[in-house]
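Grab a pencil and a viewer, and let's work through a few exercises. Try each one yourself before reading the solution.

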Amino acid sequence: MADPTAPFDDFLPEALQFRSPAPLADIGANLTHASFDRDFDAVLGRARAANVTTLIVTGTDLAHAEQAVELARRVTGLYATAGVHPHDASGWDSALASAMRELHRLPEVVAVGECGLDFNRNFSTPAEQERAFEAQLGLAAESGKPLFLHERDAGRRMNEMLRAWRDDIVDAVIHCFTADRETLFSYLDMDLHIGLTGWICDERRGHHLRELVGEIPLERMMVETDSPYLLPRNLPAKLKGRRNEPSLLPWIVREIAHWRGDDDATLARATHDTARAFFRLPAGDGAINPGHAQQKES
Ligand SMILES: [Zn+2]
């Protein structure tokens with residue numbers, strides 16, 4: 001989750017849709033956001049047309065995590081995470097911990113999070129954030145599921161806390177990585193995965209990532225839209241204030257591939273396979289099947 005106050009509408013020009021040459025996994029899609037309520041099936045249809053076949057729906061608090069689970073039950077190719085975002089850490093208590101523990105037992109929930117530290121905006125105090133994060137590190141260790149982590153301007157503290165837990169947790173991805181080289185290497189040293197969004201396309205704040213993306217081993221990299229937030233700024237049209245959605249993931253892949261010197265297909269395939277393995281998704285699960293709200297067979 002990036003900027004909870006950004007305005008959105010649901011208009012997406014057809015010219016901006018293009019199909020990835022290989023299947024893609026969007027590991028961070030906030031599809032429970034209210035801006036998707038009206039045209040959810042159309043959003044899934046466009047994702048499928050763009051060859052985005054796996055979607056990890058981010059659960060940032062109890063209500064949204066429960067909705068994410070519902071979506072994952074309803075639509076093939078969708079999976080959920082369940083956690084409490086650092087913005088909401090002030091609400092952490094033992095009842096919430098129990099509710100999260102229950103969610104983490106569900107097969108639809110493939111990661112603990114979104115959780116972590118955000119010292120950029122401090123919507124919850126740093127002390128509240130550390131308390132909620134520490135507890136969720138414990139839940140990840142308990143459940144044996146990987147972590148979906150948020151970190152902004154908190155690299156040093158994130159590092160210390162993760163290092164203390166590293167042997168007890170299976171895997172973790174720093175979603176929407178935006179930090180510097182030193183922080184990147186500290187994460188890679190801990191065997192963590194890195195999630196990349198359209199941040200790299202933002203000339204105002206993301207261009208330092210151009211030199212860094214080539215340093216991330218392909219098998220540790222995953223891609224995400226963080227939709228509806230972070231509309232990529234490399235789109236060939238001005239879409240100021242408009243909603244990001246999973247079908248725009250190929251634009252992000254194109255930008256990352258360019259700065260790495262890879263081709264789109266190689267990057268798509270590698271990040272897709274990494275994501276399927278990281279989230280331990282069953283082989284042979286079908287791709288997104290929008291407009292068919294039937295129960296999945298389990
Ligand atoms: Zn986030």
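**Exercise 1. Which residues does V43 touch, leaving out those up to four places away in sequence? Then work out whether V43 is buried or exposed.**

Solution. Start with the contacts: setting aside residues up to four places away in sequence, V43 touches F36 and E245. Keep in mind that this is a predicted model.

V43 sits in helix α1, which covers residues 40–49.

Now count neighbours. The cut-off for buried is 20 or more other C-beta atoms within 10 Å. V43 has 24 C-beta neighbours inside 10 Å, so V43 counts as buried.

**Exercise 2. Describe the overall build of the chain, starting with its helices and strands.**

Solution. First the inventory: the chain has nine helices and eight strands.

Then the dimensions. The C-alpha trace spans about 45 × 45 × 35 Å along its principal axes. For 298 residues, a compact globule would have a radius of gyration near 19 Å, and the chain's 18 Å agrees with that.

Now the inside. Of the 298 residues, 48% are buried. Among contacts with a separation of 6 or more, 77% are between residues 24 or more positions apart.

**Exercise 3. How many of the residues of strand β3 are buried, and which strands pair with β3?**

Solution. Begin with burial. Strand β3 runs over residues 78–82, and five of its five residues are buried.

Sort them by face. In a regular strand, side chains alternate between the two faces of the sheet. Here L78, A80 and A82 lie on one side and Y79 and T81 on the other, and both faces are covered.

β2 (residues 52–57) runs parallel to β3 and is joined to it by three bridges; L55 is the residue opposite L78. β4 (residues 109–118) also runs parallel to β3, again with three bridges, and V109 in β4 is the bridge partner of A80.

**Exercise 4. Where do the buried residues of helix α2 fall around its axis, and what do they pack against?**

Solution. Check the helix length first. α2 covers residues 62–74, so to speak a 13-residue helix, and its first and last C-alpha atoms are 19 Å apart, close to the 18 Å expected at 1.5 Å a residue.

List the buried residues: H64, A65, A68, V69, L71 and A72. Looking down the axis of α2, they fall within an arc of 160°, so they line one face of the helix. The general rule behind such patterns is that an α-helix has 3.6 residues a turn, so residues three or four places apart point the same way.

Finally, see what that face meets: the buried residues of α2 pack against β2, β3, α3 (94–104) and β4.

**Exercise 5. Which residues have the most contacts inside the largest nonpolar core?**

Solution. The largest nonpolar core has 83 residues, and L55, V57, A80 and V173 have the most contacts inside it. β4 supplies the largest share of this core, with six residues.

Zoom in on L55. Not counting residues up to four places away in sequence, L55 touches D26, A29, L31, A47, G77, L78, P246 and I288.

As background, nonpolar side chains tend to be buried together in soluble globular proteins.

Key:
Residues numbered from 1 in each chain as written. Predicted model: local features only at pLDDT ≥ 70, side-chain atom pairs only at ≥ 80, totals over all residues. Buried ≥ 20, exposed ≤ 12 C-beta atoms within 10 Å, placed from the backbone. Helix = DSSP H or I, 4+ residues; strand = E, 2+ residues; numbered from the N terminus. Pairing = 2+ DSSP bridges. Expected span 1.5 Å × (residues − 1). Arc of directions from axis to C-beta. Contact = placed C-beta atoms within 7 Å. Core = buried A, V, L, I, M, F, W, Y, C linked by C-beta atoms within 7 Å. Rg over C-alpha atoms; globule rule 2.2 N^0.38 Å.
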